[in-house]
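User: I want to learn how to read side-chain features in a model like this one. Can you take me through it, step by step?

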Amino acid sequence: EEILEKEEVTGLIVQATKSALPNPNLSYYRELQKRKIPLLFINSFYPALGAPHVSMNDKQAGRLATDYLINKGHTKIAGIFKLDDGQGHLRYGGYMEALKEAGLVCDESRILWVDTEDVKNFMMLQEKIKDRLEGCTGLVSYNDEVTFALTKLLPRLGIRIPEDLSVASIDDSELAVLGNVKITSIPYPMEMLGEKAARNLLEMIKNPKFDGNYEFDVDVTQRDSVRNLK
């Protein structure tokens, strides 16, 4: 409201929140678009707006984490994904795609959907997590924050990483190396993403027809959290 009122902004970079849920503020963004103010989202975005975004390739990240476990001989792979973020849905899509291409069972009973509040109170999900991981040797985790919370919970369930459960995570943040077991994770290109977003917005300001969309390809940082079953 303040931005629209002052009319002093020539472009906006926006971090979307809970991007998989209906957003009550879309009317503000549409007003910005109506006024021809360039709008660029980072990490995630609201599909209803049709605005460009700069992010990691989240579907590729989910697929790569799953492929990594498959290539290590894992066939029963669980997944934990964020329900209220668009990134969670895309990473889930990559996970499912990898399983299908490998001819593996895509069993929804192995999937746990969590929201932002769940991550803050992970211990409350103890029984549900135990149920979802039953019979699985591998896990694709939404990000390192979820994985770090999981590493505190799993010992209570008698599950060891990687002896009982191999974990592939996403973000490759400092949380990936804080625990007793260093976590295999897919790096999130934080600085490059911020720079690319700024450059693309500047181009959008200069040229309204410029396509500001960009997704970074991903790779895996291998550590100690995945056991080779081959």
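Analyst: Start with contact: heavy atoms within 4.5 Å. Helices (H or I, at least four residues) and strands (E, at least two) are DSSP runs, numbered from the N terminus. This is a predicted model, so local features need pLDDT of at least 70 and side-chain atom pairs pLDDT 80 or more, while totals for chains, interfaces and linings use all residues. Residues are numbered from 1 along each chain as its sequence is written, and side-chain values use heavy atoms, with hydrogens and water left out.

User: What do the buried residues of helix 3 pack against?

Analyst: They pack against strand 3, strand 4, helix 4 (86-101), strand 6 (138-141), strand 7 (166-171) and strand 8 (184-187). Buried means under 20% relative accessible area, exposed over 50%, and partly exposed in between (1.4 Å probe, protein chains only).

User: Which residues of helix 3 are buried?

Analyst: First the general idea. An α-helix has 3.6 residues a turn, so residues three or four places apart point the same way. In helix 3, the buried residues are Asp58, Ala61, Gly62, Ala65, Thr66, Tyr68, Leu69 and Ile70.

User: Where is Thr66, and what does it touch?

Analyst: Thr66 belongs to helix 3 (residues 58-71). Thr66 counts as buried, because its relative accessibility is 0%. Leaving aside residues up to four places away in sequence, Thr66 touches Ile77, Tyr95, Ala98, Leu99 and Val140.

User: How do I check the span of helix 3?

Analyst: Compare it with the expected span, which is 1.5 Å times one less than the number of residues. Helix 3 has 14 residues and reaches 20 Å from first C-alpha to last, close to the 20 Å expected. Just after helix 3, Gly73 takes a positive phi of about 95 degrees.

User: How are aromatic pairs read?

Analyst: A pair of aromatic rings is described by the distance of the centres and the angle of the planes. Rings of Phe, Tyr and Trp (its six-membered ring) pair if their centres lie within 6.5 Å; planes under 30 degrees apart are stacked, over 60 edge-to-face, and the rest tilted. By this rule, the count is nine aromatic pairs. Take Tyr29 and Tyr46: the centres are 6.0 Å apart and the planes are at 35 degrees, so the pair is tilted. Tyr29 lies in helix 2 (residues 26-34) and Tyr46 in the loop between strand 2 (39-42) and strand 3 (53-56), so the pair ties together parts 17 residues apart in sequence. Tyr29 is buried at 16% relative accessibility, and Tyr46 is buried at 6%.

User: Why does the pair of Phe81 and Trp113 tie together parts that are apart in sequence?

Analyst: Phe81 is in strand 4 (residues 77-82) and Trp113 in strand 5 (residues 111-114), so the linked parts are 32 residues apart in sequence. Phe81 is buried at 0%, and Trp113 is partly exposed at 28%. Phe81, Tyr92, Tyr95 and Trp113 form one aromatic cluster.

User: Where do charges sit over rings?

Analyst: The test asks for NZ of Lys or CZ of Arg within 6 Å of the ring centre and within 35 degrees of the ring normal. The charged end of Arg91 sits over the ring of Tyr142, 4.7 Å from its centre. Lys196 sits likewise over the ring of Tyr214, with its charged end 4.7 Å from the centre.

User: How many disulfides does the search find?

Analyst: A disulfide is a covalent bond between the sulfur atoms of two cysteines. The cut-off is a pair of cysteine sulfur atoms within 2.5 Å. The search of the whole structure finds zero. The sulfur of Cys106 is 12 Å from the closest cysteine sulfur, in Cys136, too far for a bond. Cys106 is partly exposed at 25% relative accessible area, whereas Cys136 is buried at 8%.
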